[in-house]
Amino acid sequence: MRRCKSLLITLALGQAAVALGQPFQLPTPNQAIFESGKEADYFTPTIGRAWPSGTFGCVRSGGWQMHEGIDIKCTQRDAKGEPIDPVSAAADGTIAYINATPDLSNYGNYIVMRHEVDKLTVYTLYAHLRQIERGLGVGQAKKTGEVIAIMGRTTNTKQGISRERAHLHFEICLLANPDFSAWFKKNLPGQRNYHGRWNGQNLIGIDPWKVFLGQHKAKARRQPSSLQEFIRNQPVLCRVLIRSPRFQWAKRHPGLVDPPTTPNGIVGYEVSLDSNGVPVRCAPRDATAFSVNEPIKLLNVDAEIYKLAPCRKLVFKKSQHWKITTKGVQHLKMLAY
């Protein structure tokens, strides 16, 4: 009887873990991220900088340039000093996109995978690849840990990536808008979009380092981890009102939307953005929250969060008043398109 009860508890815990989210796995053999004081062995810095410049966030150009992923150092090289670390799927999922023409992106050769994690559709991106696994194709399913490529240093930037700095650029993202190609054509005429919806501008990153460390700590405590809760609990840079009753972000990410608090019809949403522009929470609002001629309204800004991470330039302060930048308005319109 005790054995049966124990088995039932084990199964229940397993089901709870599945329900709360499939954890991500490190995409290369490098495990130094979990060793305190070994960060320099994991992150590849920019030229002349220390390892923090290889992490996520406002870590470059004096804090004014966004780095939307993490740069993972190689652990293995061939006789010529080129990286040969295998790159593997960070979670169960399918191949969403492959760019095998490095001249078309500063990501060089890159792969995007789609995953269903904790009732969220999320994407992982693997960039600067030396070689894509032979036979890999869009729509192909891959299990966590299955090899999809070899680490490299491909890119289309003028300075290139030196052999010494070869790394995997890795991102965990949410898709801003499935109709991004149409939005891009309408709002950025004359500019080329070689990658359709898989343009990096349409993939809004969350911090992989925080995700990995959070999962690692939860595992040590034998607790499940929730990606939804991780996202919802990110520090909020600003809150804005968006007049869009069919705000497609909210429709695609119901787990990030608060329940309606009004019986009246929804005409828009109050959106909480983190410092990278991810709508970490949305709350439905009725007509009383909106002015007729104000489709987007800034409600408040957390000055301390802005001070820590200003580089996305979504808001600015003018004469003691916070305002949304042109870039911020463009970002919000892209989310609502």
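Predicted model: local features only at pLDDT ≥ 70, side-chain atom pairs only at ≥ 80, totals over all residues.

**Salt bridges and burial**

Arg 232 is buried, at 14% relative accessibility.

Arg 232 belongs to helix α4, residues 227-232, while Asp 258 is in the loop between α5 (248-252) and β14 (268-273), so the bridge ties together parts that are 26 residues apart in sequence. Asp 258 is partly exposed, with a relative accessible area of 21%. The cut-off for buried is under 20%, so Arg 232 at 14% falls in that class.

Next, Lys 142 and Glu 146. Their side chains form a salt bridge at 3.8 Å, N to O. Lys 142 counts as buried, at 11% relative accessibility, and Glu 146 is partly exposed at 32%.

Now the neighbouring entry on my list, Lys 143. Lys 143 makes a salt bridge with Asp 92, with 4.0 Å between the closest N and O atoms. This pair links distant parts of the chain, 51 residues apart: Lys 143 is in the loop between β9 (141-142) and β10 (147-150), and Asp 92 is in the loop between β4 (86-88) and β5 (93-99). Lys 143 is exposed, at 53% relative accessible area, whereas Asp 92 is partly exposed at 27%.

How many salt bridges does the structure hold? The total is 11. There is also a network of salt bridges, which links Glu 82, Arg 153 and Arg 163.

That is what I have.

Definitions and conventions
Residues numbered from 1 in each chain as written. Heavy atoms only, no water. Helix = DSSP H or I, 4+ residues; strand = E, 2+ residues; numbered from the N terminus. Buried < 20%, exposed > 50% of the residue type's maximum accessible area, 1.4 Å probe, protein only.
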